[in-house]
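I opened the file to see what can be read from the coordinates. My notes follow in the order in which I looked things up.

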Amino acid sequence: MFFALGLVISQFINEFIKKSVQQARPETCALLEMCDSHGWPSSHSQYMFFFAVYFTLWTCKGIGGIWNVRTKWAALFLPWSLAVLTMYSRVYLGYHTVAQVLAGASLGILLGGLWFWVVNSMLFCYFPLIEESSFGRFFYVKDTSHISDVLKFEYDNARAARNTMAARKAMASKSS
């Protein structure tokens, strides 16, 4: 939930900067007649690098145990690859200059790291309150920040629930 909120805040910051700086896109973009906003910083690059940084920090902090180091590196390769490819594509397609995508990437890295710090050092104390609120109950929000290995926890609980259900069915069939 806070990951998505950070992406939205990052987008608002991007729009504010674009409207303040008003740097034009490259001439190739004008020739395509597809550019209706300013170019600096690239919002696509900013979004993807915010995502890559936050996902990396979140994965390294919140997913342990059943993933070994090699598996984590493989999982983290995808968002960083997509971020770099997005940056390249924006220049290749003529929508941005190199400086515009580098600015977007830099801002995304900065905001992603900053937002992760804010969430995990200042906002995490509110997670239980959100979980217990009427909003949290209505949308089935759960706080897993206190669980060191979320994937293993979910796996173990799903197996235990399945085994309990199978035992109940077996007992029900014996009694009938």
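Entry 1, a serine. I started at Ser45, which is found in helix α3, residues 43-62. The model is a predicted one, and I keep that in mind throughout. Is Ser45 buried or exposed? I find a relative accessibility of 0% for Ser45, so I count this residue as buried. I then listed what Ser45 touches, leaving aside neighbours within four places in sequence. The list holds Thr86, Met87, Val101, Gly104 and Ala105.

I stepped back and took the totals. The chain has 176 residues, and 32% of them count as buried. I get eight helices and zero strands, and from the N terminus on the elements read α-α-α-α-α-α-α-α. Next I looked at contacts with a separation of 6 or more; residues 24 or more positions apart account for 70% of these.

I took α1 as residues 2-21, which makes 20 residues. From first C-alpha to last I get 28 Å, close to the 28 Å expected at 1.5 Å a residue. Which residues of α1 are buried? I list Phe2, Phe3, Gly6, Leu7, Ser10, Asn14, Ile17 and Lys18. Looking down the axis of α1, I see these buried residues fall within an arc of 155 degrees, so they line one face of the helix. As background, an α-helix has 3.6 residues a turn, so residues three or four places apart point the same way. On the other side of α1 I find Phe12, Phe16 and Lys19 exposed. After α1 comes Gln22, and I note its positive phi, near 55 degrees.

I went back to Asn14, which is found in helix α1. Which residues is Asn14 in contact with, leaving aside neighbours within four places in sequence? I find Pro41, Ser42, Ser43 and Gln46.

I searched the whole structure and found one salt bridge. In general, side chains of opposite charge can pair when their charged atoms come close. Here the side chains of Arg137 and Glu132 meet, at 2.4 Å from N to O. I looked up the cover of both partners. Arg137 has 53% relative accessibility and therefore counts as exposed, the cut-off being over 50%. Glu132, with a relative accessible area of 48%, is partly exposed.

I asked which residues make the nonpolar surface patch of about 490 Å². They are Met1, Phe135, Phe138 and Phe139. Of these I followed up Phe138, which lies in helix α7, residues 134-138. Phe138 counts as exposed because its relative accessibility is 61%.

My last stop was Tyr140, in the loop between α7 and α8 (150-175). I note a positive phi of about 55 degrees for Tyr140, although it is not a glycine. Most residues other than glycine have a negative phi. With a relative accessible area of 72%, Tyr140 is exposed.

How values were computed:
Residues numbered from 1 in each chain as written. Predicted model: local features only at pLDDT ≥ 70, side-chain atom pairs only at ≥ 80, totals over all residues. Heavy atoms only, no water. Helix = DSSP H or I, 4+ residues; strand = E, 2+ residues; numbered from the N terminus. Expected span 1.5 Å × (residues − 1). Buried < 20%, exposed > 50% of the residue type's maximum accessible area, 1.4 Å probe, protein only. Arc of directions from axis to C-beta. Patch = residues over 30% accessible without salt bridge, like charges linked within 9 Å, V, L, I, M, F, W, Y side chains within 5 Å. Areas by Shrake-Rupley, 256 points an atom, 1.4 Å probe, with all protein chains shown as cover. Salt bridge = Lys/Arg side-chain N within 4 Å of Asp/Glu carboxyl O. Contact = heavy atoms within 4.5 Å.
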